[in-house]
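Subject: Structure handover

Hello,

Here is the structure for your files. My notes on it follow below.

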Amino acid sequence: MAEYEAVIGLEVHAQLTTNTKLFCACPTRFGDGPNENVCPVCAGMPGVLPVMNDRALEYACKMAMAIDATINLTSIFARKNYFYPDLPKGYQISQYEQPLCEHGRVEIETAAGTKTVGVTRIHMEEDAGKNIHSSTENKSFVDLNRCGVPLIEIVSEPDMRSSEEAVAYLKELRSILVYLGVCDGNMEEGSFRCDANVSVRRKGDKNFGTRAEIKNVNSFRNVQRAIDYEIGRHIDCIEDGEAIVQETRLFDANKGVTQSMRGKEEAHDYRYFPDPDLVPVRVEPSWIERWRGELPELPAAKRERFIAKYGLPEYDAGVLTAEREVADYFEAAVGVHPEPKKIANWIMSELMRELNECGESIRGCRLRPEGLAKLVRIIDSGAISGKIGKQIFGDLFRSGEDPEAYIAAKGLAQISDAGALDAVVDEVLAACPGEVARYKAGEKKLTGFFVGQIMQKTKGQANPKLVGELLAAKLG
Amino acid sequence: MTMTADDVARIAHLARLELTPEKAALFAPQLDQVLAYMDTLGQVDTSAVEPLYSPVEHAALTRPDEARREYSRDEVLANAPETDGQFFIVPKIV
């Protein structure tokens, strides 16, 4: 690898979270019965006319502003012609010449510092339907619910040099889209899809190698695996003196390899031309100003603010701001108990582990930020130990119960009353005369043994600091 | 510009038209004549002219993002070549 360099560009399709399709009023809901959300426009009946959804335009423009792209005040729709049963019109309405947005950029964090990845363009287009292929009959079943759903395609410059950079770019892009509320970012349901263009060249070469396009990889992990496999395959080809074919390949996640999509109409000839059914789209500068005012604080800005305002390490700030809901949760908790680093630790370890285990998002989490903040405050006050806090966290997470009420009900508050502990300490010392003698003879490390015995007798509820003081006084 | 029978066959394939080799050979010179007109137009100097993507002057009208279901699934599937009441059914694709 030392003498080679990968060149990676990514095409991302993001489904916009509008209520209706791009050119008709059919609902975009996922999971409805097949062909329930279809009308003559999206079914491609003759004589119908498409009318653009104004919110789709707004969402596409907001994404453009978020990545500093130029919005073209006039853009045009084109027909991309191909035949497939999930595309009843025989063409997809897309943008080709004069897309809506151009020249954006996304900043990513790499091992070597911050890097800027250029975005060539963002254009609007409609999605295709879905095919289900029968395994028993010689038939395919077509569902047009998704046909006509608005997408934006975000095309990057070939600026990435490793699969890690590609994943960092994708994560940042997804994070921005979700922050804006213009895409739900769900990769399994296909709301955020990625195709990767990969080529390899010798370091120092100015020209690009022949590229292969890897289609539809549906998780960050698989994007990384697919790109790494493809880089290795290109290097092997170059070393063996084989020519690399420019082609489309599919990633097989089970085998971990990419495979050529042979025979699938490789020679694309989409014969783009301006769609005569749609007049040019014009964006008013006043709309842009209004939309700009509606932009939320974006992940990069929030990350910087979390570092500056809360004194968090860069890593913590990155984890907490990757999703807007997590960032909001953190800030709400810090509002109740202003110990940012401690709150951050609880969110990043205990809370995220529980969320991962039950596969839920933080939005529906029963333990609210106030509850988490109270728990941390109770631990800080010494009323319970951090260890007990971790033990009861699962219960609090599942029930959403008030930590104070829970601790009181279970009688978990630490024994911080010297009188009550005094008796326990005496009891333990009386039961272990041998250890006491050894300690007095100089074996000071037996302190740990006594603390353990006392903790056992108090079911871990003894205040450790007080135990230490009592032991020191009694053993002198 | 000279169209060959192969060019015609390729374009016919893209449009999913079935042409016999005889028809492809017949259409090639005819398409050539059409393209000759385009060459005539192509001689006009348009370097200072903005491309005209649509003869319509007004901007696109948009509609509010309000969902409506105006057609039942039965109506939508009424013209399907084959259906099970839920899907359009077509000859197996892959």
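In what order do the three strands of the open antiparallel sheet in chain A stand? The order is β6-β5-β16. Helices and strands here are DSSP runs (H or I over at least four residues for helices, E over at least two for strands), numbered from the N terminus. Two strands count as paired if DSSP finds at least two bridges between them. β6 (91-94) and β16 (273-274) of chain A each have a single partner strand, so one side of each has no neighbour in the sheet. Strand β5 (residues 78-81) of chain A is joined to β16(A) by two bridges in the antiparallel sense, and A:Arg79 has A:Phe273 as its bridge partner in β16(A).

Some conventions before the rest. This is a predicted model, in which local features need pLDDT of at least 70 and side-chain atom pairs count only at pLDDT 80 or more, while totals for chains, interfaces and linings use all residues. Residues are numbered from 1 along each chain as its sequence is written, chains are lettered from A and ligands numbered from 1 in the order in which they are written, and side-chain values use heavy atoms, with hydrogens and water left out.

Chain A also has an open sheet of nine strands with mixed pairing, ordered β3-β7-β8-β11-β1-β12-β13-β14-β15. Its edge strands are β3 (70-71) and β15 (257-260), each pairing on one side only. Within this sheet, β1 (residues 4-15) and β11 (residues 150-156) of chain A are antiparallel, with five bridges; A:Gln15 is the bridge partner of A:Leu151 in β11(A). Helix α3 (residues 220-239) of chain A packs on the sheet and touches β1, β12 (192-202), β13 (212-217), β14 (247-252) and β15. Contact means heavy atoms within 4.5 Å.

Now the interface of chain A and chain B. Chain A puts 53 residues into the contact and chain B 37 residues. The buried area is about 3,900 Å², with 59% from carbon and sulfur atoms; this is the accessible area (1.4 Å probe) that the two parts lose on being put together, summed over both. Five salt bridges cross the interface, a salt bridge being a side-chain nitrogen of Lys or Arg within 4 Å of a carboxyl oxygen of Asp or Glu. One of them links A:Arg55 and B:Asp65, with the closest N and O atoms 3.3 Å apart.

β2 (52-53), α1 (54-66), β9 (130-133), β10 (139-143) and β17 (281-282) of chain A each supply at least two residues of the side that touches chain B. The largest share, five residues, comes from β10(A). β2(A) also runs parallel to strand β1 (residues 62-63) of chain B, joined by two bridges, and A:Asn53 stands opposite B:Arg63 there.

Regards

Notes. Axes are lines fitted to C-alpha atoms, for helices over the stretch in contact, and angles run from 0 to 180 degrees between N-to-C directions.
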